[in-house]
Amino acid sequence: MPTVIEKYKNANLGWFYYKHYFESSHSNDDILVNRNETILKVSITNAKQYFDIPNANNSFCLKTTYPGLLIGSGYTHEAIFNSKKDKEEAFKIGFFFDYATGIPYIPGHSVKGVLRNAFPNHKNEKYVKEKAKTILEYLGKDDQELENSFESYFEKLKKENCINKFPSFSAEFFVELLGTIIFEGKEPCSFNEKTNRLEYRQIPVYERDIFYDAYFYEGNREGMFLGTDYITPHLNPLKNPNPIKFLKILPNVKIKFQFYLKDDLINGDLKKELFQKILLDFGIGAKTNVGYGQFAKI
């Protein structure tokens, strides 16, 4: 039976997974199967102390669903093992850990990237109308409410002498403008009558929306938050597949997303509701197309 290596049960998990994991055994119990068990039996401690942001004015908590969550799969985690058993037991896909604490988390820029991808504000976007329609449904406001927000925003800019004229309202343009403000950190500064387009300037960093790291703060019913799974690629239809073992966040693990959101085209509370709906529908991390990285409300 695999056992936890007492010497390393409180070790930095990132160091253990990426460095010690591949070192030669220093004792009879420091073998690969026990190293795996040591990783899997780690519980979440002090995550709030390290990752909670006191000045985050908007946050929400969700929980992972089956089959779990995979983060950091793009990192290399390969090594040559001599025994066949070790080759089969080894985790062969990377995972993401905080360097200082060794605790898994989701970086703020990854959260921002997932949310941004739901908006039609990328170059060569193919699904502008479809994405705009989805965002409008998430906002849950009718055209009149959106137009009122649109006009209030530009009236405020006009009072601040930022802009003398602004374009007519359309729901699709509303979504485009919202994405530009949130993710590009830009706001309208003038209206070019020759091109009939707005011109933008950078919003000062301290006045932009901030996406903080999301962290796991509570394990499942057994208190665990890490588990194993397998990918079985069929490279040859006439040969048996070669299962690839990897580490994942288990289902029913609680995670906290935290932001500092400004009131501009829409208020911060509505942005929070929008972000939550996007994450519940789109998920985050690797292999979301086969069910990983999905969340449920707590």
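Reply: No disulfide, that is, a pair of cysteine sulfur atoms within 2.5 Å, is found in a search of the whole structure. Cys61 is partly exposed, with a relative accessible area of 30%, and Cys189 is likewise partly exposed at 22%. Here buried means under 20% relative accessible area, exposed over 50%, and partly exposed in between, with a 1.4 Å probe and protein chains only. The model is predicted: local features need pLDDT of at least 70, side-chain atom pairs count only at pLDDT 80 or more, and totals for chains, interfaces and linings use all residues. Residues are numbered from 1 along each chain as its sequence is written, and side-chain values use heavy atoms, with hydrogens and water left out.

The aromatic rings give 33 pairs across the whole structure. Rings of Phe, Tyr and Trp (its six-membered ring) pair if their centres lie within 6.5 Å; planes under 30 degrees apart count as stacked, over 60 as edge-to-face and the rest as tilted. One of the pairs joins Phe169 and Phe174, which is edge-to-face because the planes stand at 65 degrees, with ring centres 6.3 Å apart. Phe174 is buried, at 0% relative accessibility. Phe211 and Phe259 are also edge-to-face, since their planes meet at 90 degrees, and their centres are 5.8 Å apart. This pair links distant parts of the chain, 48 residues apart: Phe211 lies in strand E5 (residues 210-211) and Phe259 in strand E9 (residues 254-260). Strands are DSSP runs of at least two residues (E), numbered from the N terminus. Both Phe211 and Phe259 are buried.

One aromatic cluster is formed by Tyr17, Tyr18, Tyr21, Phe22, Phe81, Phe91, Phe95 and Phe97.

Key: Helix = DSSP H or I, 4+ residues; strand = E, 2+ residues; numbered from the N terminus.
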